[in-house]
Amino acid sequence: MTQGYDIIGDIHGCATELEALLVKLGYQKADAYRHPQRQAVFVGDLIDRGPEQLKVLRIVKDMVDAGSAHIVMGNHEFNALAYHTEWPRGSGKYLRPHDDPDNPWSEKNTRQHRAFLDQVKGADRELYLEWFATIPLWLDLDGVRIVHACWHDTSIDVVERHCGTNAPFAELDALVAASDEAHPLYEAVETLLKGPEISLVEHDQPRYLDKDGIPRDKARIKWWNREARTLRDIAEMAPGLKTDSGEPYPPLPHIELPEANSHVYTDRVPVLYGHYWRQHEPTYGQDWTEFTACVDFSVAKGGRLTAYRWSGEDRIGVEGYQHHT
């Protein structure tokens, strides 16, 4: 009988760290890693960046197939499906553009996916892409919810209404629709897998340069902050940002934003998620609240692979966090 779930953060091809964490949590290797009383839950982003992607995929798929783990899709699995899906068929174009000199995102998309292309090839690549298409976008388990980037009831309703399932991408039409900015599935999937954003320029704030030097005019919404009321409260801005003119980015103003609160999570069921590349010890208000917890602590960028050990509690506590070291 399962007595709880171990929700494991973004792995990004770091198999050595994954195996160390599983052992620390009490999982033992047989046909697959198993725990006598618990199940693992992976929040997605198994691939890209790290050096052991094929091994990660084998470990996780074996666990899911054996029933010792669950998984939700990450944006990197979704991006991989779109990158490798030619559409329209025979056109030489792909749902996620690449090898296209006329598309400004083409080179970035390939660079981001390069480690997977180099490490997972041939029949292995075909196998795991087919598996990615079966992975659900969210899980609502017994008293705990899992999603890659944002639990948002409206977006979940859109997916269920259009697709009738939480694992829609076994159908090509759903993947095509989710890659079309004009289709309602696009925004819904973007929210669940990449997180909601708020426009800065619509609130008279300057653009900023991201880590790749690309100007951005939107900021991520702190959907986990149920106390958020203003632009400064709700927009997540990394420290040290520059405006697109090279100046230090100014503090955001306290503009009241009642419309942005439509993404804020107000239910009292714990939600575990990944995606946000935290780089410090879990901090209340930023990484976890009473009802939300991020488990992505940047293992592929020198951080630590992290799990949250949930055992039926109705509120999150920092004591639930577990690291691989």
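Tutor: Two strands count as paired if DSSP finds at least two bridges between them. Keep that in mind for the sheets. Also, this is a predicted model.

Student: Okay, sheet then. What is the strand order in the open sheet of 4 strands?

Tutor: The order is β6-β7-β13-β14. Pairing in this open sheet is mixed.

Student: Which are the edge strands?

Tutor: β6 (138-140) and β14 (292-294). Each of them pairs on one side only.

Student: And by how many degrees are neighbouring strands of this sheet turned against each other?

Tutor: By 15° on average, with direction ignored.

Student: Take β7 and β13. Do they run parallel or antiparallel?

Tutor: Parallel. Strand β7 covers residues 145-147 and β13 covers residues 271-273, with 2 bridges joining them. In that pair, R145 stands opposite V271 of β13.

Student: Moving on to β11. Which strand pairs with it over 3 bridges?

Tutor: That is β8, residues 197-199. β11 spans residues 218-221, and the two pair in the antiparallel sense.

Student: Which strand is joined to β11 by 2 bridges?

Tutor: β12, residues 235-236. It runs antiparallel to β11. Here R220 is opposite E236 in β12.

Student: New topic, helix α5. Which residues are buried there?

Tutor: Y128, L129, W131 and F132 are buried in α5. They sit on the same side of the helix, because they cover an arc of only 155° around the axis.

Student: What is exposed on the other side of α5?

Tutor: G122, A123 and E126 are exposed there.

Student: Now pockets. How much space lies in the second largest pocket?

Tutor: About 220 Å³.

Student: Which helices each supply at least two residues of its lining?

Tutor: α5 (122-132) and α7 (172-178). So α5 comes up again. L129 is buried in α5, and L129 is also one of the residues lining this pocket.

Student: Which other residues line the second largest pocket?

Tutor: L81, H84, T85, R89, E130, A133, F169, A170, E171, L172 and L175 line it along with L129.

Student: How many nonpolar, polar and charged residues are in that lining?

Tutor: By class, 7 are nonpolar, 2 are polar and 3 are charged. R89, E130 and E171 are in the lining, and Arg and Glu count as charged. H84 and T85 also line the pocket.

Definitions and conventions:
Residues are numbered from 1 along each chain as its sequence is written. This is a predicted model: local features need pLDDT of at least 70, side-chain atom pairs count only at pLDDT 80 or more; totals for chains, interfaces and linings use all residues. Side-chain values use heavy atoms; hydrogens and water are left out. On a 1 Å grid over the protein atoms alone, a cavity is a set of points where a 1.4 Å probe fits but cannot get out, and a pocket is an open set with protein on both sides within 12 Å along at least five of seven lines; lining residues have an atom within 4 Å of a point. Grid points are joined across faces, edges and corners, and a volume is the space filled by probe spheres set on the points. Axes are lines fitted to C-alpha atoms, for helices over the stretch in contact, and angles run from 0 to 180 degrees between N-to-C directions. Buried means under 20% relative accessible area, exposed over 50%, partly exposed in between (1.4 Å probe, protein chains only). The arc is that of the directions from the helix axis to the C-beta atoms.
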